[in-house]
Amino acid sequence: MSDNAAPYSTTVEVRWGDSDMLGHVNNTKFIEYAQEARVRFVTEEFSEGFSPDRAIVVRRIEADFERPLFTNSGPLTVDLSVEHVGNSSFSIRHTMYDKGGNRAGSVDAVLVAFDTTTNASRPLSESERTALEKYRGK
């Protein structure tokens, strides 16, 4: 992907139950929004799909909260860009924007290609690499 390539983008709804008594979206929901967007990304972009010997698991996750979200902040736009691709792992940045286009925060995740039948990492397949490279920045 070139430096100017567009990220994968999807929308995620802010649900009434995501907020506390003050109407602020709980910070843990940022992680859930990122996961929802990431599952869509992998489902749509990885042509081989999922099976016991072809899974993706989260190894590490880090969130930055830049502005509060509220019940009426959605739908959110979540942009995903691939930051790094290794032999069996890759990292994705999820950047979240409220319905007004204001950046609300980001979630960085390191994911590992995994075989649940052996409980061990596995090399990324060529088709997975191709899908990841399509959205790779820098």
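Mentor: Two residues are in contact when they have heavy atoms within 4.5 Å of each other. The model is predicted: local features need pLDDT of at least 70 and side-chain atom pairs count only at pLDDT 80 or more, while totals for chains, interfaces and linings use all residues. Residues are numbered from 1 along each chain as its sequence is written, and side-chain values use heavy atoms, with hydrogens and water left out.

Trainee: What pattern does the protein follow, read along the sequence?

Mentor: Helices (H or I, at least four residues) and strands (E, at least two) are DSSP runs, numbered from the N terminus. The protein has two helices and six strands. In sequence order they give β-α-β-β-β-β-β-α.

Trainee: What radius of gyration does the protein have?

Mentor: The radius is taken over C-alpha atoms, and the globule rule is 2.2 Å times the number of residues to the power 0.38. For 138 residues, a compact globule would come near 14 Å; the protein agrees with this, at 16 Å.

Trainee: How much of the protein counts as buried?

Mentor: Relative accessible area decides: buried is under 20%, exposed over 50%, and partly exposed in between (1.4 Å probe, protein chains only). Of the 138 residues, the buried share is 41%.

Trainee: Is T10 buried or exposed, and which side chain makes a polar contact with the side chain of T10?

Mentor: T10 sits in strand β1 (residues 8–12) and is buried, because its relative accessible area is 11%. Apart from neighbours within four places in sequence, T10 is in contact with A37, R40, L76, T77 and V78. A polar contact is a pair of N or O atoms within 3.5 Å; within protein, one must be able to donate a hydrogen and the other to accept it, and residues adjacent in sequence count only if both atoms are side-chain atoms. At 2.8 Å, the partner side chain is that of R40.

Trainee: How far apart in space are I61 and A109, C-alpha to C-alpha?

Mentor: I61 lies in strand β2 (residues 55–65) and is partly exposed, because its relative accessibility is 35%. Its contacts beyond four places in sequence are I31, V107, D108 and A109. I61 and A109 are 48 residues apart in sequence, but their C-alpha distance is 4.4 Å.

Trainee: How far apart are the mean positions of the positive and negative charges?

Mentor: Lys and Arg count as positive and Asp and Glu as negative, without His and the chain ends. Each charge is placed at NZ of Lys, CZ of Arg, CG of Asp or CD of Glu. For 16 positive and 21 negative charges, the distance between the mean positions is 2 Å.
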